[in-house]
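Morning, everyone. Let me put the model up on the screen, and then we can walk through it together.

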Amino acid sequence: MTLAPDKPLAPADAELQLRLDGAWLALCPLARLTPGRGVAALLPGGRQAALFLDRDGVPYAIDNRDPFTGARVLSRGLVGTAEGRPFVASPLLKQRFDLATGHCLDEDGVAVRAYEVRLHRG
Amino acid sequence: MAATPATPTPANRPTIVVVGHGMVAQRFLEALAEGGTTARARIVVFGEEPRPAYDRVRLTSYFSGSTPEDLSMVGDGFLERHGIELRLGTPVASIDTAARTVAAEDGQVLAYDTLVLATGSYPFVPPVPGSTTRGCFVYRTIEDLLAIEEYAKGARVGAVVGGGLLGLEAAGALKGLGLETHIVEFAPRLMPVQVDEGGGAALLRTVEGMGLKVHTGVGTQEITAGDAGTVEAMLLSDGSALATDLVVFSAGVRPRDQLARDAGLAVGERGGIVVDEQCRTSDPDVFAIGECALAADGRVYGLVAPGYEMAETAAAALAGEAASFTGADLSTKLKLLGVDVASFGDAHGTTGGCLDVVYSDSRSGLYKKLVVGADGTLLGGILVGDAEQYGTLRAFTGSTPPVSAEQLVLPAGAGAPAALGPAALPDEAVVCSCHNVTKGAVRGAVAEHGCTSVPEVKKCTRAGTGCGSCVKVLGQLVNAELEASGVEIDTGLCGCFGQTRQELYEIVRALRLTSYRRLLDGYGRESARGGNGCEVCKPAVGSIIASLAPTIGASGYVLEGEQAALQDTNDHFLANLQRNGSYSVVPRIPGGEITPEKLIVIGEVAREFGLYTKITGGQRIDLFGARVDQLPQIWGRLVDAGFESGHAYGKALRTVKSCVGETWCRYGVQDSVRMAIDLELRYRGLRSPHKLKSAVSGCQRECAEAQSKDFGVIATAKGWNLYVGGNGGATPRHADLLAQDLGDEELVRLIDRFLMFYIRTADRLERTSAWLERIEGGLDHVRDVVVRDSLGICAELESLMADHVAGYRDEWAETLDDPERLMRFVSFVNAPGVPDPTVRFVPERDQVKPDLPLLTIRPLDDALEGTAQR
Ligand code: SRM
Ligand SMILES: Cc1cc2nc3c(=O)[nH]c(=O)nc-3n(C[C@H](O)[C@H](O)[C@H](O)COP(=O)(O)OP(=O)(O)OC[C@H]3O[C@@H](n4cnc5c(N)ncnc54)[C@H](O)[C@@H]3O)c2cc1C
Ligand code: SF4
Ligand code: FES
């Protein structure tokens with residue numbers, strides 16, 4: 001584990017973008033996210049994504065639907081680190097999901113979709 | 001098939017009849033079962049009382065909330081499992097030793113092969129005129145207590161005849177019932193049997209300091225009745241009269257030997273059924289055990305531990321094993337009154353050539369005496385005011401302690417050496433005298449039977465399950481043994497921190513750390529530093545920082561800066577998340593009191609936003625089904641109408657429930673609603689290891705259920721009784737009485753200290769009930785710390801609370817004032833005006849409920865799930 005600086009690497013006005021069907025979709029300015037927490041975004045077609053920043057300002061996105069309850073709430077969970085990898089714990093029944101892959105850490109074979117994201121300087 | 005001789009047929013099975021089903025009889029039955037005798041014999045027990053054996057030693061705890069069922073000593077299914085026949089409410093009237101039969105009062109006659117008398121004692125009532133007047137009681141059975149409790153409802157003053165161990169216990173109980181209480185003792189001091197003059201003086205000071213009125217050196221000459229034929233006054237031997245409504249005789253007990261006497265069995269000159277070392281009476285087929293027996297050493301024992309030993313001796317004799325009872329120790333420790341009094345061994349120094357070492361400080365009600373033999377062995381002692389060392393000292397009796405007696409009596413801080421721990425005890429030392437368990441047996445339970453906690457050791461050895469006075473020493477022994485056997489228990493909070501919550505609290509407080517990251521990077525486990533933490537430690541640290549905020553200079557607002565990232569989702573949105581992702585809204589309604597205007601606002605808000613409305617179990621109103629983007633609008637309306645956050649989402653004070661109290665209720669003795677409101681407003685917003693609940697009742701009838709709360713308050717004629725450690729929920733627990741008859745200020749001061757001490761020392765998600773059970777020394781320790789300030793931290797605890805009270809701000813009002821914070825309350829960061837289409841409702845009973853089937857519909861391209869890779 002590297003001790004990266006606590007300041008986000010990108011300027012606050014950088015734009016968070018998510019890759020959908022081969023194209024980059026602009027979602028919001030970086031400033032709308034708090035390191036260690038998530039927000040939800042509405043995607044074309046009605047899907048929802050949960051966007052997160054880890055403490056070093058690295059962005060992640062996974063599907064917002066908690067597969068255990070069906071509720072669209074993963075964006076409201078707490079972010080943590082397990083074995084060096086960032087995860088979010090569902091706020092409902094507390095199962096953890098790897099932010100990079102979407103795999104559930106507490107039940108084999110369960111996963112949510114993970115999206116590619118980037119910070120774009122306008 | 002040939003009959004197996006090992007299984008006796010009903011015809012050839014011997015019959016053992018037991019008379020009496022008290023504590024000792026029950027122990028006898030258990031010993032019979034353990035020794036296999038129950039399988040070989042028919043066993044019939046006659047009990048006079050209407051209920052099976054119960055814990056008479058803890059009788060008084062009925063007044064602090066134990067139910068008769070709690071006190072039962074008969075394990076579930078025990079009698080059935082061992083085929084024991086119990087005939088309750090059936091006193092035995094006579095014994096015919098020639099025919100070997102017993103006859104019950106109801107006429108039934110039963111033949112026995114072996115008879116065991118376990119009839120206990122009866123309370124001695126001095127033959128003064130008027131002693132049978134209505135209003136006179138004794139203190140021995142649950143039925144006695146029920147009768148006293150009922151009668152006390154119409155009484156103001158009570159008097160106890162007898163200032164011994166039981167008399168003081170009875171007096172404490174009367175006081176707890178709200179009576180002005182007097183103790184009349186013939187001897188020149190209280191507890192004359194256990195303590196000497198010096199100890200009596202210290203005891204008197206403390207007992208009087210608690211508001212009891214003590215009359216020593218006077219006898220009771222007559223009880224006079226008023227016009228109604230009920231007790232009116234007591235005439236005393238010094239010529240004075242004491243006006244009283246109720247009298248409890250507690251002037252000693254006498255063995256119940258009448259049955260034996262009538263049957264021609266030998267009885268002692270001063271009572272008691274004569275038995276030999278095997279507990280056999282003058283008829284070899286008849287045994288006598290417990291308080292009814294005159295043991296081979298010529299004594300009648302009025303304590304339960306010797307009775308248990310007799311029970312095991314008799315059971316062994318019946319099983320054909322060798323055992324004998326030749327005498328026992330008379331150690332005692334006074335419970336209940338809140339005064340520590342203990343005496344053990346040869347307390348009065350009757351051994352030839354013995355010497356006393358005494359420390360006395362009547363200013364603080366402290367008196368300690370140790371009796372030491374010429375060769376330095378510890379023979380016994382008396383402790384008044386501080387019985388902390390009782391367990392260890394008692395266990396050292398009969399041996400030479402490694403520290404001199406002079407050093408042992410000195411109080412801590414007055415040049416006393418490091419406390420003499422149980423580590424120094426020899427293996428043969430008896431740690432639990434109720435069950436005769438040695439230190440070696442306790443160590444064995446850990447080392448050989450794999451016990452890893454005090455409850456497990458209690459189960460395995462029975463140590464600590466009698467009077468409870470040894471539990472502290474037990475805890476120390478168990479820990480020492482675990483450590484010695486190299487069991488390393490990781491007590492760390494989680495994978496990120498090796499420290500306990502309490503240790504983290506101390507680090508945050510001492511270093512004034514207001515940042516979770518600095519705590520993690522500086523004090524976390526090596527592997528966790530620099531990471532994101534986890535869902536366990538983040539809210540726990542968030543709570544620690546919040547409860548210390550004013551003191552360490554952090555913002556009290558839980559959504560400030562980095563703190564926002566630590567909060568559980570409920571705290572983050574200042575509302576409770578529901579199954580479909582909607583939230584509930586719970587405004588604070590202090591004490592459950594609400595004006596019609598405010599009720600109307602709640603109704604209007606609910607109607608306007610289509611919220612499901614329900615009265616909660618906490619005397620307030622919950623509005624369910626708000627979308628995250630509706631929360632600010634809803635709260636805007638509520639805050640305007642004067643409502644505040646109810647913290648239904650936080651590990652914080654929830655509600656202080658109240659009953660209507662003296663303002664309206666004909667029984668009420670204090671204004672319970674006002675007190676509930678005051679307490680709720682004082683502690684609102686206080687973040688703690690788990691949620692905190694409270695209630696205030698206006699009288700003993702307890703309509704507010706205060707004894708099921710973390711801190712509960714019940715009004716008395718003179719003030720308030722404070723109960724702590726109650727719990728409803730999954731593991732209900734009745735609260736323990738912490739202090740009695742407090743004035744308003746004293747009550748608040750004690751609650752301040754109690755809560756801050758809990759917040760400081762509890763584990764994460766540990767309710768006060770579990771904390772009180774776990775913390776070393778239990779209730780006694782907590783009382784020492786918060787009432788007597790034994791750690792000298794009360795001033796600090798009070799100032800922490802004062803900081804909290806001064807720094808309180810309503811979280812919702814603050815949030816509404818800040819546009820930036822409000823930006824968080826949107827369903828979608830990229831579409832602020834759009835509501836979440838999956839949060840929908842369907843009708844039910846004229847209101848709404850979540851549309852759950854909607855959530856089971858998965859997005860169309862969900863087939864990709866499970867294969868997604870980056
Ligand atoms: C709303 C209410 C039920 C009701 O409709 O009446 C309720 C609802 C919940 N209770 Fe409760 N409890 C409610 C009164 C109680 C009571 C009764 C009381 O307070 O007098 C108890 C038993 C008393 C006690 O706590 O000792 C109670 C014992 C629990 C417990 C078990 C606690 C325990 O120590 O075993 C939990 C679980 C926990 O906290 O870990 C719990 C947890 C919950 C949670 C927070 C579960 C959750 O995490 O989602 C529920 C969510 C409420 C929401 O979404 O708004 N609730 N809950 C009551 C709110 C009272 C209020 O005004 O604040
Ligand atoms: C308030 C209180 C506090 C106490 N505190 C302590 C303490 O801290 N430490 C301690 O060591 N001891 C204490 N004791 C004493 C302890 O309770 C007794 O030593 C113990 O109960 C004796 O047990 P036992 O079985 O011999 O008698 P008991 O428990 O009295 O049982 C005898 C039973 O026999 C029944 N019986 C009597 N005659 C008949 C009959 N003819 N037919 C059928 N049934 C009959 C009685 O109704 C009774 O139920 C306390 C006692 C009281 C009352
Ligand atoms: S607890 Fe007492 S004062 Fe309060 S309502 Fe009940 S009966 Fe009345
Ligand atoms: S000494 Fe009474 S329970 Fe151990």
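This is a predicted model: local features need pLDDT of at least 70, side-chain atom pairs count only at pLDDT 80 or more; totals for chains, interfaces and linings use all residues.

Residues are numbered from 1 along each chain as its sequence is written, chains are lettered from A and ligands numbered from 1 in the order written, and side-chain values use heavy atoms, leaving out hydrogens and water.

So, chain A: zero helices and ten strands, strands being DSSP runs of E, at least two residues, and helices runs of H or I, at least four, numbered from the N terminus. Of its 122 residues, 57% count as buried, meaning under 20% relative accessible area with a 1.4 Å probe, protein chains only.

Now, where does A:Asp98 sit? It's in strand E8, residues 96-98. And A:Asp98 counts as buried because its relative accessibility is 5%. Setting aside residues up to four places away in sequence, A:Asp98 touches A:Ile62, A:Arg85, A:Pro86, A:Phe87, A:His103 and A:Leu105; touching here means heavy atoms within 4.5 Å. The A:Asp98 side chain also reaches the backbone nitrogen of A:Thr101 at 3.3 Å.

Last stop, ligand 3. Around it you'll find, among others, B:Cys659, B:Cys665, B:Cys699 and B:Cys703, counting residues with a heavy atom within 4 Å. B:Arg701 and B:Glu702 are in that shell too.

Conventions
Buried means under 20% relative accessible area, exposed over 50%, partly exposed in between (1.4 Å probe, protein chains only). A polar contact is a pair of N or O atoms within 3.5 Å; within protein, one must be able to donate a hydrogen and the other to accept it, and residues adjacent in sequence count only if both atoms are side-chain atoms.
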